[in-house]
Amino acid sequence: MSDTHLKHLNISISKDLDLKLEDIVGKSIAVIGITGSGKTNTVAVILEELLEHGMPLAVVDVEGEYWGLKEKYEVLVVGKSENADIEVSPDDAAVIAEVSLSRNVPVILDISGFLSEEQYRFLINFFTRLWNLSGKLRKPYIVAIEEAQEFIPQGVRTDLKELLTLIARRGRKRGLSVIMASQRTTLIDKNALTQTAIRFLHHVNFENDLNIYYDLIPLPRKEVKQTILSLKPGDCILVRGSEARRVHIRLRKTFHAGYTPTLEPVKTPELKKVSDEILEAIKRAKKSGKSEAERLQEKVKELEAKLAEREKKINELESILKTLSYLKFPAKMDVEKLVVRSAELPVQQSSGVMLEQSSGVTSEQITERPSAESTPEGNRAEKRVTTTDFEELPNP
Ligand SMILES: Nc1ncnc2c1ncn2[C@@H]1O[C@H](COP(=O)(O)OP(=O)(O)OP(=O)(O)O)[C@@H](O)[C@H]1O
Ligand SMILES: [Mg+2]
């Protein structure tokens, strides 16, 4: 989509606002406010508008609450969650980034089912590939991050934070923009916040949070405080450059899985299906890229095969030993040597003929312990065996 094209596309996130797509795309955006102030709704409304215009995007969904966008749009949900179209591991994240960016597939990265270390690894892999590939493809792509303070924390240096702030600061030339949403104004990196081009500042009520708002809103402190304290859910102060004004964001059109529960019954919507072709593309890429899980599975299979081989060998040896236990040897004979040599032979070769060859013991030296059927009752007389007799010994 060209820049000139973006100029003419209206987006409707509030009746108080006249915005074009180009006002959003390529900009870093902050959506802040206490719990219940309407942040997720605001982010979802922006995403709905972007999806309406066919823009590719990714949402980092820590609560598993964005799948409702599928009510109206073809969005791929990946991650570890019951809502995922395809379950993926942190090792698959680079593949997801590649498919999403190169094929224009909007994705929800539902990382709600991962442990925090896995979430971290998933996002590092995803954003590293996104950053590298966007340098080549250079097309508009929007990233929304909920609970942004977890990944862009104030006062802590992590590789993921560096990467995300790099995307927020320098992504524009590659077409990338970041929407960061957080209810913990004081815990999200202050620099990242002050560098945002557009801010949707919802209700906060603590002095600490207000202190940060004073730096983010180009209005007199008194006015900021008065306005902010009076905001209802969905209301916010919108800041764009030197402009700051109170607006009300429209309610999202798609299902809000993170809605505030009421006594009213909630009907789960019908969802759009992602095309099989995209799912197949991811499965194929996963296979060729060999995720860690796949590699481990292969290793397990390899070890199982080795174990089966060993068990087979043990069975063979036991079978040989059992065969030998039916035999009597002259006292002088080196039985140990005989067993060791016999064990080296495949089981079907444990006939008298082979024993003769391998141990030097002749059939004349070997005597059979006769079975009950073969001897008259009480008569334990020994009988010389021939090689043919030996082959007919009871199968152990
Ligand atoms: N623009 C809006 N107009 C009317 N009501 C809204 C609007 N935005 C949000 N609400 C109401 O506020 C509730 C909470 O909204 P939302 O889930 O977006 O809050 P949040 O700030 O994301 O909360 P949390 O931090 O707990 O996730 C919604 O269920 C809805 O009832
Ligand atoms: Mg929310």
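Guide: The protein chain has 14 helices and 15 strands; helices (H or I, at least four residues) and strands (E, at least two) are DSSP runs, numbered from the N terminus. This is a predicted model, in which local features need pLDDT of at least 70, side-chain atom pairs count only at pLDDT 80 or more, and totals for chains, interfaces and linings use all residues. Residues are numbered from 1 along each chain as its sequence is written, while chains are lettered from A and ligands numbered from 1 in the order in which they are written.

Now to the sheet. Ten strands form an open sheet with mixed pairing, in the order S6-S5-S7-S4-S8-S9-S3-S10-S11-S12. Two strands count as paired if DSSP finds at least two bridges between them. At the edges are strand S6 (86-87) and strand S12 (243-248), each of which pairs on one side only. In general, strands of a sheet pair through backbone hydrogen bonds, either parallel or antiparallel.

Take strand S10 (residues 198-201) and its partners. With strand S3 (residues 29-32), S10 pairs in the parallel sense over four bridges. Val 31 has Phe 200 in S10 as its bridge partner. S10 is also joined by four bridges to strand S11 (residues 235-240), and these two run antiparallel. Here Arg 199 stands opposite Val 239 in S11.

The side chains of S10 can be followed one by one. In a regular strand the side chains alternate between the two faces of the sheet. From S10, Ile 198 and Phe 200 point one way, and Arg 199 and Leu 201 point the other way. All four are buried, meaning that 20 or more other C-beta atoms, placed from the backbone, lie within 10 Å of the residue's own. Over the protein chain, buried residues make up 36% of the 396 residues.

Elsewhere in the sheet, strand S4 (residues 57-61) and strand S8 (residues 141-145) run parallel and are joined by four bridges. One of the pairs is Val 60 with Ile 145 in S8.

Last, the contacts of the protein chain as a whole. Two residues are in contact if their C-beta atoms, placed from the backbone, lie within 7 Å. Of the contacts with a separation of 6 or more, 71% are between residues 24 or more positions apart.

Terms used: A residue is buried if 20 or more other C-beta atoms lie within 10 Å of its own, exposed if 12 or fewer, and partly exposed in between; C-beta atoms are placed from the backbone.
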